[in-house]
Amino acid sequence: MVTEPLAQAAAAPAAAIKAEVRDLSFYYGDFKSLKGISLPIEEHKVTALIGPSGCGKSTLLRCFNRMHDLYPGNRYEGAINLFPDNVNILARDVDPIEVRMRIGMVFQKPNPFPKSIYDNVAYGLRVRGLRNKTELDDRVEKALKGAALWEEVKNRLDEVAFAMSGGQQQRLCIARALATEPELLLFDEPTSALDPIATGSIEELIQEIREQVSILIVTHNMQQAARVSDYTAYMYLGELIEFGKTDNIFVKPQRKETEDYITGRFG
Amino acid sequence: MQLYSRRVWTNRIGIALSMGAMLFGLLALLWILWTLFYNGFSALSWEFFTEDTPAPGSEGGGLRNAIVGSLMIVGMTTLVSTPIGILAGIYLAEFGTTSKFAAMTRFVTDIMLSAPSIVIGLFVYALMVATLGGFSGWAGSVALSLIAVPVVVRTTENMLLLVPTALREAAFAVGAPRWQVSLKVTLRAVKAGVVTGILLAIARVTGETAPLLFTALNNQFYSTDMSQPMGNLPVVIFQFAMSPYENWVNLAWGGALLIALFVLGVNILARVLFRKKSTD
């Protein structure tokens, strides 16, 4: 069950792997929430994690930027190797801050900082020590363009971010994550708080930024997974049930559990 | 139907009782304000702010030395207790959520919050006045700071704990270290609440008398030297109100009105600030 999808991915020719989850288990205190997950994340592709509530998809996503380190009692077992340098980002001697410098995240609800639009996007750059005004301006503009927001906000960069609509705020959060040019971008149900039109624009955006960054997205909307992703992993109760090309998962899933979930018989 | 009418009546009785309690509280407050205005308003004159406290038996006089002394002592208290209180509050909310040391700090802070102010006055008397050889404005500020710091600590902590996890995680997710997340994101998000806490602490210490009796004492003359005994409104009110001289008693009423108005103003300012923030 675990080795199979890996073999499948390895067989795909000329696919560069951005990250590889290797036999990852995760514990909230005594509760084993992820059970021996193995999964490749391909470079410049969108990988979707689907499954019913509580299946561990968000938990898995939050392993990638060591979010679990913020709370006591959490424990990882196994590895997530990040390429090209093949470093295990879960290793104790790897600083979570360094990991977060390379792997960005967009959250479920838009969560801009209580700062201006400009300062929101520039925040990550300033954290990295960038002070040069011209360079900051350039990078902010580039990130906002990348998030398809520049035309809407270029004349009001000094306004507080809360004045924007929900969809705009979420695109601002994407711009904030893009500004630091991460190698991998995590999306945790990025459209669940948005209306269909805003959702459409975020999905379009995900398709576009795939050129620059590898993407891992958690969604409980199967249609969304089918629309935006190249690969899909179906999880249930902390286990990876099936992983493969999205087309295959949705058209002819190998396992009955996946089929039941996808056809709506369950979940 | 019977059940329904019983509920209606229970509701009416409940509302009547709570309205009654509110009226009782409001009445007490209005009564105090009325008495202060009635007795104190006539004392508020130009001389009240420009002349110093009169000697026994002399005519007229004002409270300039006491007003300036109170402003200096309370101002110094604010300068000292704001940074200490905010930093300790940040520590409790952001760094020490689970540590034993934080739990202990929280416990001690709670005790300090409810400690009788006269005990704090005596403590500072023993610590500074008895050893350093005299009453001083500094000792007064230290005593008031001991009262103000716990207020600022707890409001800062409580405000920071209200910051949604999502905001904190967002800052961590872009790679910010914890101290930056605290100072530049979460503290900023609750700025209005923290300022409110500081204002409430100022309001709280402005009327404190007991700690100043043992520390700043009083000074009949105008002085801005904080290493000397210092005039201040609460102690002057205490002395003058109980004196046999009519002009002293009048000044005491005026001083009481002034403090009440100041505290009321600070409280209203705190509310306005807080409300403005929550509608942003």
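1. Terms and basis. A residue is called buried under 20% relative accessible area, exposed over 50%, and partly exposed in between (1.4 Å probe, protein chains only). By that scale A:Arg227, at 47% relative accessibility, counts as partly exposed. This is a predicted model, in which local features need pLDDT of at least 70 and side-chain atom pairs count only at pLDDT 80 or more, while totals for chains, interfaces and linings use all residues. Residues are numbered from 1 along each chain as its sequence is written, chains are lettered from A and ligands numbered from 1 in the order in which they are written, and side-chain values use heavy atoms, with hydrogens and water left out.

2. Extent of the interface. Chain A brings 22 residues into contact with 20 residues of chain B. Contact here means heavy atoms within 4.5 Å. The two chains bury about 1800 Å² between them. Of that area, 63% is on carbon and sulfur atoms. Buried area is the accessible area (1.4 Å probe) that two parts lose on being put together, summed over both.

3. How many salt bridges does the rule find between chain A and chain B? It finds 1. The rule asks for a side-chain nitrogen of Lys or Arg within 4 Å of a carboxyl oxygen of Asp or Glu. B:Glu169 and A:Arg62 form a salt bridge, with the closest N and O atoms 2.6 Å apart.

4. The chain A side. Elements giving two or more residues to the side that touches chain B are α3 (96–102), β6 (103–106) and α4 (117–127) of chain A. Helices (H or I, at least four residues) and strands (E, at least two) are DSSP runs, numbered from the N terminus. The residues on this side divide into 14 nonpolar, 3 polar and 5 charged. Ala, Val, Leu, Ile, Met, Phe, Trp, Tyr, Cys and Pro count as nonpolar, Asp, Glu, Lys and Arg as charged, and the others, Gly among them, as polar.

5. Chain B overall. Chain B has 12 helices and 0 strands. Its C-alpha trace spans about 70 × 60 × 35 Å along the principal axes. Of the 280 residues in chain B, 44% are buried. Take the contacts in chain B between residues at least 6 apart in sequence: 74% of them join residues at least 24 apart. The accessible surface of chain B is about 14900 Å², and 72% of it belongs to carbon and sulfur atoms. Accessible areas come from the Shrake-Rupley method with a 1.4 Å probe; for residues, only the protein chains shown count as cover.

6. Backbone points to check. Most residues other than glycine have a negative phi, and most peptide bonds are trans. A cis peptide bond joins A:Phe83 and A:Pro84, with omega about 15 degrees. A:Pro84 sits in the loop between β4 (74–82) and β5 (87–88) of chain A. B:Leu217 is not a glycine, yet its phi is positive, near 55 degrees. B:Leu217 lies in the loop between α10 (210–213) and α11 (233–241) of chain B. B:Leu217 is partly exposed, at 32% relative accessibility.

7. A:Glu181. This residue has a positive phi of about 50 degrees, although it is not a glycine. Where is A:Glu181 placed? A:Glu181 is in the loop between α7 (166–179) and β7 (184–188) of chain A. A:Glu181 is partly exposed, with a relative accessible area of 47%. The side chains of A:Glu181 and A:Lys142 meet in a salt bridge (3.0 Å, N to O). A:Lys142 belongs to helix α5 (residues 133–146) of chain A, so the pair ties together parts that are 39 residues apart in sequence. A:Lys142 is exposed, at 54% relative accessibility.

8. Other salt bridges. The count over all chains is 25. A:Arg227 pairs with A:Glu203, the closest N and O atoms being 2.7 Å apart. A:Arg227 is in helix α9 (residues 222–228) and A:Glu203 in helix α8 (residues 196–209) of chain A, so this bridge ties together parts 24 residues apart in sequence. A:Glu203 is buried, with a relative accessible area of 7%. A:Glu20 forms a salt bridge with A:Arg22, the closest N and O atoms being 3.2 Å apart. A:Glu20 is buried at 16% relative accessible area, whereas A:Arg22 is partly exposed at 36%. A network of salt bridges links A:Lys18, A:Asp85, A:Arg102 and A:Glu183.
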